[in-house]
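Thanks for coming. I will go through the nonpolar packing and the aromatic rings in this one.

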Amino acid sequence: MADHLNLMPGIPLTSKRSEGYNADKAKPDRARQATILAGILAGLSINGSAVFDTSEPATEVDEDDDPLGRLVLKFSGRAAFTTGAFGGFEMTPLGANEQNQFFVLSDKESRRLVGNLILRYADGEQDWDDHKSWQKLLDNIEGVEVYGRDDRADPSLSSLDFTSHEVVDVILWPTSLAADSIATRRAPGRVGEIRELIDAAAAVDTSIRILAVDDRPDTLLIRVATNQQLLDELLDHPLVEKVRGPLKPLIGRSEYINAPQPQVEASPYGAPIGVVDDLVVTGNPWLQGVVTHSAAFPVDHPYGPPTKHGTQVAGIAAYGSLSKLLSSGDLPRPNPIIAARVMESDPFGNPTVVGPPALTIEAALRWVAAQGAKVIVCSIAYPHADDDPIPSELTAVVDRLSRELQVVIVLASGNVSSIPSGLHWFKDYPHYLNEAGSRVAAPGGAALAVTVGAFSETDVPDVNAGGTRLPIAQARQIAPFSRTGPTRGSSKSGTRKPEFIAPGGNWVWDETLGSYPPDLSVSVVTLEPPQTGNGRVAGFSNGTSLAAPYVAHEIAKISTRYPSASPNLLRALSALSCVANTHPGSSEVLDREGTVAAAYGLPDASRVLESGGNRTILTYQGEIKTNSRIVHRLPIPEEFAAAGAYERHFRVALAFDPPVRRSRKDYIAGKMHFEFVRSHSLEEVIATYEAQPSSEEMERDANLKKLGLPKGRARPDMSPPRTKLSSNTLIRRDFSGAWLPEDEDYFLVVFHDHSPWSDSQKRAYETQDYALSIELLDSSRLNLDLHALVEVELRAQGRQRGRLRR
């Protein structure tokens with residue numbers, strides 16, 4: 001493995017200045033496809049009865065005259081299926097997965113319809129006068145299987161011996177593929193049908209009983225104490241997706257009680273992390289020697305007793321995830337902690353900031369930065385959504401100091417503690433996270449800081465608390481208390497915050513209690529201040545305040561590896577480290593309604609610490625003249641762009657830190673964005689983008705017009721669209737389209753635009769620091785030494801620049 005490669009400086013342009021490319025999909029081989037479909041039609045049967053019975057139906061259809069009854073079918077395809085065509089087949093869509101498999105509920109008549117369509121297709125009939133979507137669906141099918149009891153039986157069932165009744169979770173097919181109104185009707189119907197089956201069995205065996213029910217459309221579940229006979233019936237029922245055995249949490253009460261102490265005092269290593277919070281109690285043996293500097297602000301305040309909060313945040317900041325402490329009894333070397341106390345316990349035991357928050361936290365941030373911390377976590381937020389008319393004074397302080405002190409400040413998005421009347425924490429999850437009252441709390445809207453929401457790592461409640469608890473969020477979903485975006489911005493889309501998401505715990509719902517009690521098995525493992533007579537070193541808690549130090553720890557790993565990286569580059573690399581287009585915590589509901597759970601996802605520093613082999617990372621730190629643009633030539637090797645169905649990824653992250661002013665409608669002084677351009681020479685790109693007049697120039701001279709920019713594949717789309725991120729100072733966009741070797745030249749055109757501040761403010765803001773991080777990855781050619789090839793391209797570019805200078 002090797003260091004990152006440095007992108008060559010760009011070429012500044014002097015004046016202002018899309019549709020992406022989609023490769024044509026290959027036409028299906030109809031003869032080959034007809035053979036596949038004919039084989040499916042002839043070969044799929046159960047107990048001698050054809051699944052796709054193509055015989056003529058009786059004049060009067062008797063629903064009982066069906067030897068197979070309702071069946072769940074699993075269609076496999078070359079590409080993802082859509083729900084529409086299956087609805088036309090009179091089949092009920094149930095679910096889809098990432099392997100292009102689609103599950104539907106069918107009956108005899110719907111299977112007869114499909115069988116006859118397959119016959120027509122296999123006969124090579126050219127005059128297809130049915131729905132085009134049906135033909136496209138048949139073009140796509142690679143296989144069809146019956147989803148049976150072996151599919152429904154989770155491996156955990158093998159441990160059941162039924163010496164007494166066993167508790168199982170019966171998971172029903174979700175109804176969320178349907179429209180909301182239809183899903184709302186279907187969910188009770190599916191639950192009701194299975195309840196009738198269970199009630200009939202309970203009438204014979206009174207030990208059978210329902211313990212808990214989740215009737216939300218996306219997470220239909222019935223927990224039941226069952227006998228073997230009822231289990232067999234459930235495994236054969238078409239509305240059942242899965243039956244799982246007793247849930248066993250990874251972490252239980254005994255693990256917390258018996259958490260080990262370190263054999264030797266911890267030896268901190270790497271970039272220090274500032275913690276602005278409550279007192280960090282170093283009496284916990286895992287924190288002894290870890291806190292290298294500490295102070296309290298205001299300096300003359302007679303502090304009262306601390307809460308656990310500071311110790312919990314510092315423990316995660318130092319070590320990252322603490323789950324290994326309970327599972328393996330070991331932890332990695334911690335990062336050194338620089339601790340600034342700004343909170344104490346209020347009369348109700350809650351942490352509260354001492355004095356005016358903006359003054360207190362500003363003093364703490366300045367002191368922490370002076371001690372050498374480039375990464376600072378401040379898990380402090382107001383208890384309500386930031387709906388003030390302008391950014392809060394604390395938000396402005398965080399932004400101003402981020403730029404002035406050259407630090408990365410990591411903030412929590414805040415916790416939702418109440419929801420509108422009429423909504424239910426369990427039944428209406430995650431819809432209430434779309435409400436205005438669930439938006440990010442100040443100072444989480446800070447433009448130059450990074451903000452972190454929370455997701456649930458686990459969804460298995462504490463078994464010792466009884467069988468009536470159900471998790472509100474499933475594993476890897478957004479936590480039920482995590483505040484969401486977007487926050488205020490200068491565009492309609494607002495600012496896409498939180499940028500990141502990290503483990504923050506989960507809640508459970510207990511129908512018997514009618515509340516969400518604390519549950520250690522779904523919570524985040526933390527370090528505890530020592531208590532009299534209690535040798536425990538570990539505890540548990542929930543909140544976005546525990547997700548923020550996790551992200552700070554990941555950013556500090558990058559800073560340790562690259563100590564000369566600017567805060568802008570640290571932010572850019574952190575965004576690049578999130579796996580493209582996937583992030584835990586996102587959900588279909590949130591994405592569909594425009595709510596931001598996390599713009600980029602879960603940072604994983606290990607993905608950006610080294611380059612090498614089939615993956616390389618390029619970085620650049622520099623400045624741009626405000627209200628201008630720069631062209632960076634990209635060193636894309638010919639081998640990377642070779643023709644072929646290779647899985648290639650091109651990702652770009654940009655970070656910059658403009659001045660801010662609370663009183664301005666445009667809170668930040670400038671905006672930046674970039675475009676990916678190819679199939680043009682350097683001279684053509686320069687000529688095109690230099691020729692573009694600015695908006696101000698066009699206002700002054702009506703004869704000036706913007707010239708035509710590259711179109712189609714020459715200026716392809718990246719995801720998300722630029723307009724979605726126009727208010728962000730941390731921007732990551734991904735390209736996953738087609739590559740062709742004839743494109744030859746590749747460029748990144750970087751833009752800066754002034755906000756409409758006053759002329760004097762613009763004159764005081766002449767240059768803008770920025771950083772780029774770029775990833776090239778070919779995950780299908782592991783033997784491709786992409787890093788070495790890019791290095792050769794960079795050397796060639798360097799020689800060319802030298803000749804131009806001479």
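By nonpolar core I mean a set of buried Ala, Val, Leu, Ile, Met, Phe, Trp, Tyr and Cys residues joined through side-chain atoms within 4.5 Å, where buried means under 20% relative accessible area, exposed over 50%, and partly exposed in between, with a 1.4 Å probe and protein chains only. This is a predicted model, with local features needing pLDDT of at least 70, side-chain atom pairs counting only at pLDDT 80 or more, and totals for chains, interfaces and linings using all residues. Residues are numbered from 1 along each chain as its sequence is written, and side-chain values use heavy atoms, leaving out hydrogens and water.

The largest nonpolar core has 124 residues, and Ile337, Val410, Phe650 and Tyr770 touch the most other members. Apart from it lies another core, of 28 residues, including Phe162 and Leu231.

Now the rings. Rings of Phe, Tyr and Trp (for Trp the six-membered ring) pair if their centres lie within 6.5 Å; planes under 30 degrees apart are stacked, over 60 edge-to-face, the rest tilted. That gives 23 aromatic pairs. Tryptophan 425 and tyrosine 516 have ring centres 5.4 Å apart and planes at 65°, so they are edge-to-face. Tryptophan 425 is buried, at 11% relative accessibility, while tyrosine 516, at 29%, is partly exposed. Both belong to a cluster linked by ring pairs, along with Tyr429, Tyr432, Phe481 and Trp507.

Last, a charge sits over a ring if NZ of Lys or CZ of Arg is within 6 Å of the ring centre and within 35 degrees of the ring normal. Arginine 781 lies over the face of tyrosine 646, 3.7 Å from the ring centre.
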